[in-house]
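Here is a short briefing for a first look at one protein structure. Keep the sequence and the 3D view side by side as you read.

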Amino acid sequence: MQLGMIGLGRMGGNIVRRLMRHGHDCVVYDKSPDAVRGLAGEGAKPSRDLGDFVRQLHAPRAVWVMLPAGEITHGTIVELADLLSADDILIDGGNSFYQDDIRHAELLRPKGVHFVDVGTSGGIWGFERGYCMMVGGDKKAVDHLDPILKALAPGRGNIDRTPGRDGREPRAEEGYLHCGSVGAGHFVKMVHNGIEYGVMQAYAEGFDILRNVNSPAVPENRRYQLELPDIAEVWRRGSVISSWLLDLTAIALAADPQLSQFTGQVADSGEGRWTVQAAIEEAVPAEVLSSALYTRFRSRQEHTFAERILSAMRHEFGGHQEPGTMVKD
């Protein structure tokens, strides 16, 4: 199947690579000519502007926009609205706000262009591990994209089947799911990222407690010199709190037990705020997720080892750099 990709950053470029590895044909565009040339050298078809990009796609076209949420994505969708035709499909695979999806679908509907939102989880590891995807849009458009989604998804792998799932949606076991109408995919991904904030915060605080048990505040006969890299490693092996985030924490601690390359200034990219806003709108208590979000705000004023753990995890799964600092690639 053919797909056009706009935005060739850390995730967009690797999505293209994974699709080509599975035999799909990709047309690519980015405002950086170097990014376009790089992927053209790997087998993608380059384009010089959005008009050239659309002309190279076969009808009905499938266009995936993988850009930062907000004005950049909105402006690109507005420009594409004048270039696409009836029955084309426009996919927003970034971390856009789900209410923006609804507005974009309404913008495209008069032209007969289908809008699909794909909440995409996998970060910089997606090329190898696959991407967990939460999809919103009408069924006909989503089903048309199934070969693309299936190629990007991680598949069942060696994960045991959940007992009692017979008769339920089989694609969920492959790592992708049609969640509902337009916006549902990004809504589910938004809550996913809100939960991620809370889980990361729990690990960060736990490792901070382990580190500070050797501090002068603790009576000398109750101080322990604990090896955090080894604790992270043992918890990965059969522990009830094992997870991929713990795996990434173990990687970061093994490379630098003091996490000296991180200041502990932790950014938030929007989804945590939107999740808390949704909780308020629904009158749902969300104490853990709210606290995790506020801790990120506080980290920009003062930093603890817990914040360095958070920053290290963000770097490991998404390649995120701390604001105003440079960390290793």
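At what angle do helix α9 and helix α11 pack, and how far apart are their axes? They pack at an angle of about 45 degrees, with the axes 11 Å apart. Keep in mind that this is a predicted model.

**Helices α9 and α11**

- Two packed helices are described by the angle between their axes and the distance between the axes.
- Helix α9 covers residues 184-212, and helix α11 covers residues 244-255.
- On the α9 side, the contact is made by Glu 196, Val 199, Met 200, Tyr 203 and Phe 207.
- On the α11 side, Leu 245, Leu 246, Thr 249 and Leu 253 take part.
- By class, this contact of α9 with α11 has 7 nonpolar, 1 polar and 1 charged residues.

**Helices α4 and α5**

- Helix α4 spans residues 71-81 and helix α5 spans residues 98-108.
- Their axes come within 10 Å and cross at roughly 15 degrees.
- Angles under 35 degrees count as roughly parallel, so α4 is roughly parallel to α5.
- The crossing of α4 and α5 is right-handed.
- Which residues meet here? From α4 come His 74, Ile 77, Val 78 and Ala 81, and from α5 come His 104, Leu 107 and Leu 108.
- The contact of α4 with α5 has 5 nonpolar residues, 2 polar residues and no charged residues.

**Helices α12 and α13**

- Helix α12 runs over residues 271-282, and helix α13 over residues 287-299.
- The two axes come within 10 Å and cross at roughly 140 degrees.
- Only angles over 145 degrees count as roughly antiparallel, so α12 and α13 are oblique to each other.
- Is the crossing of α12 and α13 left-handed or right-handed? α12 passes α13 in a left-handed crossing.
- Gly 272, Arg 273, Thr 275 and Val 276 of α12 make the contact with Leu 289, Ser 290, Leu 293 and Phe 297 of α13.
- The residues of this contact of α12 with α13 divide into 4 nonpolar, 3 polar and 1 charged.

**Nonpolar cores**

- The largest nonpolar core has 31 residues.
- Which of its members touch the most other members? They are Met 5, Val 16, Trp 64, Val 116 and Met 133.
- Take Val 16 as an example, leaving aside its neighbours within four places in sequence: Val 16 is in contact with Met 5, Leu 8, Cys 26, Val 28, Leu 39 and Ala 44.

**Backbone details**

- Most residues other than glycine have a negative phi, and most peptide bonds are trans.
- The peptide bond from Ala 59 to Pro 60 is cis, with omega near -10 degrees.
- Pro 60 sits in the loop between α3 (50-55) and β4 (62-65).
- Asp 87 has a positive phi, near 80 degrees, in a residue other than glycine.
- Where is Asp 87? It lies in the loop between α4 and β5 (89-92).
- Asp 87 counts as partly exposed, at 45% relative accessibility.
- Ala 283 is not a glycine either, yet has a positive phi of about 60 degrees.
- The loop between α12 and α13 holds Ala 283.
- Buried, partly exposed or exposed: which describes Ala 283? With a relative accessible area of 67%, Ala 283 is exposed.

**Two pairs to find in the 3D view**

- Ile 102 is in helix α5. With a relative accessible area of 36%, Ile 102 is partly exposed.
- Ile 102 and Ser 215 are 113 residues apart in sequence. In space, they are 52 Å apart, C-alpha to C-alpha.
- Val 191 lies in helix α9. Its relative accessible area is 27%, so Val 191 is partly exposed.
- Val 191 and Ser 47 are 144 residues apart in sequence. Their C-alpha to C-alpha separation in space is 35 Å.

Terms used
Residues numbered from 1 in each chain as written. Predicted model: local features only at pLDDT ≥ 70, side-chain atom pairs only at ≥ 80, totals over all residues. Heavy atoms only, no water. Core = buried A, V, L, I, M, F, W, Y, C linked by side-chain atoms within 4.5 Å. Buried < 20%, exposed > 50% of the residue type's maximum accessible area, 1.4 Å probe, protein only. Contact = heavy atoms within 4.5 Å. Axes fitted to C-alpha atoms, helices over the stretch in contact; angles between N-to-C directions. Helix = DSSP H or I, 4+ residues; strand = E, 2+ residues; numbered from the N terminus. Parallel < 35°, antiparallel > 145°, perpendicular 65-115°, else oblique. Left-handed = near helix turned anticlockwise from the far one by under 90°. Nonpolar A, V, L, I, M, F, W, Y, C, P; charged D, E, K, R; others polar.
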